[in-house]
Amino acid sequence: MSDSAGGVQFTSLLDNDVIGRIERMRLNPSRRLTNRSHGEHLAGKGGTSTEFSDYRDYVPGDDVRYVDWNIFSRLNRPYLKLYQHEEEMHVAILVDASTSMLFENKLLRARQLAAAFGIMGFMNYERVSVHVAHQADGEPRVMPPCTGRINFKRMFEFLESIEGGGDAPIESSIEAMLRRHRGRGIAIILSDFLSMGNVQRAMNMLFSAGLETFAIQILGPSEIEPEVTGDLRFVDSETGGTLDISSAGDLLGLYHELRLSYEDELALICRQRNGRFMVLNSTDSVEWLLFDALVRRGWIQ
Amino acid sequence: MNWPGFYSLGNAWLFVLLIPLIIVYFLKLKRPRKEIPSLTLWRQVINDQRVNSPFQKFKRNMLLLLQMLLLLCLILAALQPFLPAGVEQANYTPILIDNSASMGAVDQSNGQNRLDIVKQDVLELIDNLPPDHRMSLITVSSSARRLTDFTDNKRVLRDALAGIEVDEVASQLDDGLRMAQALVRTVRFDSLLFFTDGNVPADVEFDLPFELNYQRLEGQGANIGVTSLNARRSSDSRWDIFVRIEGTPYAQTAAELELLQDGEIVGTESVLLERAADDEQTIPSQRLAFSVDSVGPSSLELRVKPDGFDALASDNVAHIDLPESRHLSVYAPLNLAAFRHALGARPDVDVYPTDESGQPAARYDLLITDTTGEANPEANVTIYVGVIPDDLSELIDVETGSGEVVDWQRNSPLLQHVELTDVQMADEPKTKDEIRDGDFEEQGYEILAFGRTGPLILKKRQGKSLAYYFLFHPDRSTLPYRVGFPILVANMVQAALDHADLAEVRANRTGIIAGQTLRPESHYVVETPDDQRIEIESNEEGLVPGISANRVGRYQYRESGDLVAEIGASLLAPAETSLRSIREIQFREVSVTSSDAAIETDQPLWPYFALAAFAFLLVEWWYFQKRPGGVPV
């Protein structure tokens with residue numbers, strides 16, 4: 001794989017220069033949902049990191065390595081330097097690869113975003129895992145949690161190998177992911193959320209598991225601005241179910257009302273659980289999404 | 001309330017077309033399949049729609065409904081519905097259109113003359129002509145002309161209507177009404193529609209067997225024009241020209257007059273006609289006189305240049321042709337010494353024969369003779385003295401006795417200012433038994449003087465010639481010794497002068513130009529002012545027939561392209577120039593008042609249905625192509 005300059009292209013999902021820019025970015029969770037294991041995130045409690053926190057009087061038994069000798073030399077009294085504790089954060093990425101995601105590059109955009117979020121996680125020493133949902137009753141394919149830049153290639157290969165197809169509803173996929181996932185952090189859900197099921201229950205489970213939800217609804221142009229007129233028979237791509245529509249043009253107004261209200265409902269569910277929600281158009285460029293939309297919303301920095 | 005009717009109810013079978021329309025609609029209703037990512041939102045949309053829209057079934061088949069409405073409108077239009085006018089209409093409607101000169105008057109600023117406005121009204125009638133009704137178009141100006149038979153062919157009627165033009169002649173309503181009278185004998189109709197501007201004779205001398213619907217067009221355009229033009233010779237080489245200018249009574253008018261002789265201006269005048277004090281009762285007029293020199297034949301043209309708006313243009317020019325000045329040629333045998341003596345006193349009269357060996361004249365204007373037969377030279381006016389016409393030999397005898405004049409026509413040109421009382425005569429014409437005055441009239445004679453036992457002086461017109469018969473011989477009477485004798489001879493000379501157009505000339509009016517005497521048995525082409533060409537032939541006497549002259553201007557007689565005669569024709573109709581409009585036409589027993597109400601006809605409704613069908617077509621197209629409502633921008 002090579003880029004236009006003759007160098008090696010790391011992945012087909014993102015250009016090297018985009019990867020380079022992503023490497024300098026990091027996720028910006030609103031809560032500190034970290035694990036006890038050592039990591040890059042300040043835990044709000046004393047620790048052994050290099051980040052200075054406070055002073056306190058020395059008491060017998062304290063590790064003399066943390067005595068501030070400069071102060072002792074001026075005041076002739078021992079004070080102990082306190083440092084913050086840096087903990088590790090889990091980043092669980094769920095990619096919806098059901099049949100509905102095969103329309104209009106929705107799955108491609110989901111894989112690109114998953115790759116971008118994974119890079120940010122690896123570069124900040126998070127534990128990144130990727131889950132891919134296909135069939136309703138099957139377990140998601142998983143890239144186990146791993147950390148470090150060394151796992152770039154592994155993640156890229158995993159994401160590139162995703163083949164869409166299946167009828168997995170997103171709420172079932174979330175529950176299946178939580179059955180395997182351990183650890184607190186961020187859950188990034190990349191899906192079109194076109195499900196008849198109870199999304200609210202799945203969000204509750206994410207919240208209970210200590211995962212801050214980053215929900216991104218990826219819709220195609222035909223879902224945001226459908227151009228249909230006359231009498232039609234709609235066929236569901238996942239279930240094969242049909243629905244007869246008469247004077248489809250007349251129904252578009254109602255369709256848009258319902259779509260917007262569904263988005264509002266999803267946003268409310270996420271917000272009530274300290275999560276975040278946004279809607280993307282699959283035709284939007286990944287650069288614009290990463291370096292403009294998500295940055296302006298404060299999802300990444 | 002009048003319920004709508006249908007002219008073509010037979011087309012109701014077209015309603016059957018609704019059946020295939022419905023069948024085809026539902027057969028064609030095959031929904032195209034469209035795969036979408038998920039039905040989630042659309043199922044919700046359908047559920048909400050069922051709740052929110054109770055008229056969904058109605059809306060679902062909106063296209064079918066629109067198509068059915070469109071088809072219904074087309075079928076109803078094909079049925080030709082109409083709204084009855086409320087009155088029973090005759091199946092035959094003759095329309096009489098006045099196209100006399102006043103109909104060419106322009107009353108409005110848009111340049112439409114009255115005939116154009118009338119034609120628009122008639123065109124509307126033609127367009128609304130019901131299928132089972134027939135119409136006939138008749139025009140009337142100086143004469144009536146039937147343009148079409150009774151027909152329901154609208155194209156024929158429209159073409160005939162479009163071909164109507166203003167005839168620059170005075171109107172003669174009688175002619176048109178008589179033609180309608182003749183029509184009613186062949187086709188039964190109850191009413192005659194008469195479209196006019198009201199500038200028609202107010203009295204009609206007969207009654208009509210049908211109703212006259214008098215549709216009068218209102219018009220108040222100011223006008224000034226020449227209504228009379230004649231010339232009288234004042235000396236051998238000088239003519240006095242008399243002109244009468246008249247105008248509309250309801251407006252003050254003014255004009256500049258120019259008199260042109262053979263194309264050169266020989267006189268100008270200004271005319272101002274005040275508005276009539278009693279409005280339309282008095283026609284403002286002014287008489288003017290010009291004097292021109294003319295020895296040979298010449299043409300005079302009087303132009304009226306209106307100062308301001310002028311409704312009628314055809315009365316702004318008049319033509320008169322002055323004849324060549326010459327002495328009157330009179331032939332009186334030498335034995336009629338009394339007549340020759342009286343004629344000799346006139347300087348403008350050449351009396352023939354001059355002596356026993358004198359040369360005869362080429363033509364004679366007046367012949368006075370006491371004999372009959374071919375020995376007499378031909379003349380335009382002949383005075384027979386002591387002669388009984390051959391065709392009256394069965395009616396009258398002349399006996400010797402003592403005759404005297406009992407009565408005579410004092411206003412006759414021959415006998416005016418002549419006192420015949422106490423004239424004694426040795427000849428006494430005596431009417432035979434059971435012969436009455438009417439018998440003379442049947443023979444074409446007019447009795448000018450009566451004796452005790454029969455007529456004394458008769459007058460007869462034969463073609464272009466005029467003859468007077470003195471049934472007694474003046475030489476055997478006391479007439480030559482009376483003061484009235486020279487006056488009688490002077491009247492004879494004046495009659496000859498008038499007949500030869502040597503003393504007084506009147507401008508020709510439009511309508512008909514009388515026959516002319518030209519070269520015998522020749523082919524002539526008459527070019528009219530409106531560039532028409534009329535081909536005529538002269539007979540063996542050189543007489544060409546009269547021609548129709550409906551345009552003001554000069555009519556040129558050409559033989560093989562060479563101009564041989566030119567005659568001017570002028571409107572010279574005071575009634576047309578005044579543009580006076582009458583409200584009421586008085587017939588012999590009844591009068592007809594102009595109708596102010598518009599003519600009611602059946603109102604056809606098919607255009608509205610056709611329009612509605614077109615509207616439904618547009619709505620259907622819009623509905624099919626419209627941008628869905630409620631889509632956020």
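Predicted model: local features only at pLDDT ≥ 70, side-chain atom pairs only at ≥ 80, totals over all residues.

Trainee: Why is Thr371(B) called exposed?

Mentor: Count its neighbours. Thr371(B) has 12 other C-beta atoms within 10 Å. The cut-off for exposed is 12 or fewer. So Thr371(B) is exposed.

Trainee: Where does Thr371(B) sit?

Mentor: Thr371(B) is in the loop between strand S18 (364-369) and strand S19 (379-385) of chain B.

Trainee: What makes Asn274(A) partly exposed?

Mentor: Asn274(A) has 14 C-beta neighbours inside 10 Å. Exposed needs 12 or fewer, and buried needs 20 or more. The count falls in between, so Asn274(A) is partly exposed.

Trainee: And why does Asn76(A) count as exposed?

Mentor: Asn76(A) has 7 C-beta neighbours inside 10 Å. The limit is 12 or fewer, so Asn76(A) is exposed.

Trainee: How do you know that the peptide bond between Tyr352(B) and Pro353(B) is cis?

Mentor: Look at omega. For this bond omega is about -5°, and the bond is cis. Most peptide bonds are trans. Pro353(B) lies in the loop between strand S17 (349-352) and S18 of chain B.

Trainee: Which residues of helix H9 (residues 286-296) of chain A are buried?

Mentor: Val286(A), Leu289(A), Leu290(A) and Leu294(A) are buried.

Trainee: Why do you say that the buried residues of H9(A) line one face?

Mentor: Look down the axis of H9(A). The buried residues fall within an arc of 90°, so they line one face of the helix. The face turned away carries the exposed residues Trp288(A), Asp292(A) and Arg296(A). The buried residues pack against helix H1 (16-23), H3 and strand S10 (276-281) of chain A. After H9(A) comes Gly298(A), with a positive phi near 80°.

Trainee: Which residues are buried in helix H4 (residues 152-160) of chain A?

Mentor: Met155(A), Phe156(A), Phe158(A) and Leu159(A) are buried. Their arc around the axis is only 165°, which puts them on the same side of H4(A). On the other side, Lys153(A), Glu157(A) and Glu160(A) are exposed. Helix H3 (106-123), strand S4 (127-133) and strand S5 (141-146) of chain A are among what covers the buried residues.

Trainee: Which residues have the most contacts inside the largest nonpolar core?

Mentor: They are Ile95(B), Leu96(B) and Leu302(B), in a core of 76 residues. Beyond its neighbours within four places in sequence, Leu96(B) has contacts that include Ile138(B), Val140(B), Leu192(B) and Phe194(B). Another core, of 63 residues, lies apart from it, with Ile22(A), Ala92(A), Ile269(A) and Leu289(A) among its members.

Trainee: How many residues does each chain give to the contact?

Mentor: Chain A gives 35 residues and chain B gives 28. On the side of chain A that touches chain B, H8(A) gives the most, with 11 residues. That side divides into 15 nonpolar, 11 polar and 9 charged residues.

Trainee: What makes S8(A) and strand S2 (residues 33-36) of chain B a pair?

Mentor: Count bridges. A pair needs at least two. Here 4 bridges join the strands, so they pair, and they run parallel. Asp236(A) stands opposite Ile36(B).

Trainee: Why are strand S29 (533-537) and strand S33 (562-569) of chain B called edge strands?

Mentor: Their sheet is open, in the order S29-S28-S32-S33 with antiparallel pairing. Each of S29(B) and S33(B) pairs on one side only. The twist averages 25° from one strand to the next. Strand S28 (residues 523-527) of chain B is joined to S29(B) by 5 bridges. In this pair, Val526(B) stands opposite Ile534(B).

Key. Residues numbered from 1 in each chain as written. Chains lettered and ligands numbered in written order. Core = buried A, V, L, I, M, F, W, Y, C linked by C-beta atoms within 7 Å. Contact = placed C-beta atoms within 7 Å. Helix = DSSP H or I, 4+ residues; strand = E, 2+ residues; numbered from the N terminus. Nonpolar A, V, L, I, M, F, W, Y, C, P; charged D, E, K, R; others polar. Arc of directions from axis to C-beta. Axes fitted to C-alpha atoms, helices over the stretch in contact; angles between N-to-C directions.
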